[in-house]
Amino acid sequence: MPAQHRQIRRDRDALQAIAADLPERVPTLYARDARFRLADSARSQACDAMLSAGQGLMLGASVSTFACPPVALALAVPGIALTLGGSVGAGINEAHRDGYLGEQAPASMKAAMRLGNLGPRLREGTLGQVLREVADRFEGHQDRASLARRRRDPKSRGGETGFAPQEQWAGELRQHPASAAITALKSFRQEVFFATARDLARRRDPATQALFHDATGRRLKTLTDDERFARYLAADPEARAIQRRRHNEILARHLQAVDRFGRADSREALTDLAHVKRDRAARHGPTPPAMRAT
């Protein structure tokens with residue numbers, strides 16, 4: 001069994017050992033997360049094995065090129081296929097893993113969210129209190145990440161594209177604790193603007209086409225998010241709906257990434273605390289119920 005598999009299982013066992021001190025749903029959510037990490041590790045191992053086998057065959061083909069060309073060809077073809085398959089599979093798996101861990105979240109948000117060293121918190125409060133806080137954080141991020149996934153699914157919104165439905169969705173997204181911080185980012189505003197401009201470029205009505213040309217009629221190389229663009233949006237309800245839809249979609253994607261990152265960060269902290277609590281219990285016995293944090 002790979003070392004990573006063993007560590008994931010040890011972490012899961014440590015969490016299960018203190019399940020009585022956690023919110024009811026947390027052990028189940030943690031076990032689900034562990035299943036993903038075990039599957040991810042297995043996929044990584046398979047891709048590594050394919051790459052190793054492919055590179056070995058290609059090395060054998062290189063050695064056999066002059067001594068026995070037919071053998072070299074017989075080794076090279078499957079070697080190339082295995083190497084290519086392993087490389088592509090590894091890339092897909094890495095992208096899947098990064099998405100699950102929320103690595104696409106804005107760097108500034110990730111830096112602000114990291115729990116980091118829990119030592120100061122443990123000095124200020126009991127282990128049980130800190131454990132409960134981190135567990136609640138883990139559960140909250142999991143719930144919001146799941147909600148964001150459903151909201152990003154067009155089927156779950158009934159194909160709503162008008163301005164009023166988009167405004168209702170925007171109101172829901174604004175309730176997220178990270179919403180204001182993300183929408184304040186310059187990179188977010190630029191992303192929304194460029195996505196909106198791409199959609200508008202496909203429209204052929206005179207007002208929209210005029211937006212993409214200067215006063216002399218020459219087509220602009222780039223569109224600018226300026227007062228002219230703001231006036232255009234104010235005068236065109238359909239364009240506003242397009243802009244609001246892109247705003248919502250991009251914000252929902254970023255919020256989901258933020259919660260996935262928060263879930264992963266909380267899970268790491270929860271794991272460390274679970275090992276500490278289990279080790280303490282092994283040395284000193286379980287904490288009496290009256291002394292547990294509520």
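Arg245 and Glu249 sit four residues apart in helix H12, about one turn of the helix. In this predicted model, their side chains pair up in a salt bridge, with N and O 3.5 Å apart. Glu249 is partly exposed, at 27% relative accessibility.

Arg244 meets Glu167 in a salt bridge, at 2.7 Å from N to O. Arg244 lies in helix H12 and Glu167 in helix H7 (residues 163–174), so this pair ties together parts that are 77 residues apart in sequence. Arg244 counts as buried at 17% relative accessibility, because the cut-off for buried is under 20%. Glu167, at 26%, counts as partly exposed.

Then there's Lys110, which forms a salt bridge with Glu103. Lys110 is buried, with a relative accessible area of 11%, while Glu103 is partly exposed at 35%.

| Salt bridge | N to O distance |
|---|---|
| Arg244 and Glu167 | 2.7 Å |
| Lys110 and Glu103 | 3.2 Å |
| Arg245 and Glu249 | 3.5 Å |

Across the whole structure, a search turns up 20 salt bridges.

Back in helix H12 (residues 237–284), have a look at His254 too. His254 is buried, with a relative accessible area of 11%. Leaving aside residues up to four places away in sequence, His254 touches Gln104, Pro106, Ile182, Phe188 and Glu191.

Note on methods. Residues are numbered from 1 along each chain as its sequence is written. This is a predicted model: local features need pLDDT of at least 70, side-chain atom pairs count only at pLDDT 80 or more; totals for chains, interfaces and linings use all residues. Side-chain values use heavy atoms; hydrogens and water are left out. Helices (H or I, at least four residues) and strands (E, at least two) are DSSP runs, numbered from the N terminus. Buried means under 20% relative accessible area, exposed over 50%, partly exposed in between (1.4 Å probe, protein chains only). Contact means heavy atoms within 4.5 Å. A salt bridge is a side-chain nitrogen of Lys or Arg within 4 Å of a carboxyl oxygen of Asp or Glu.
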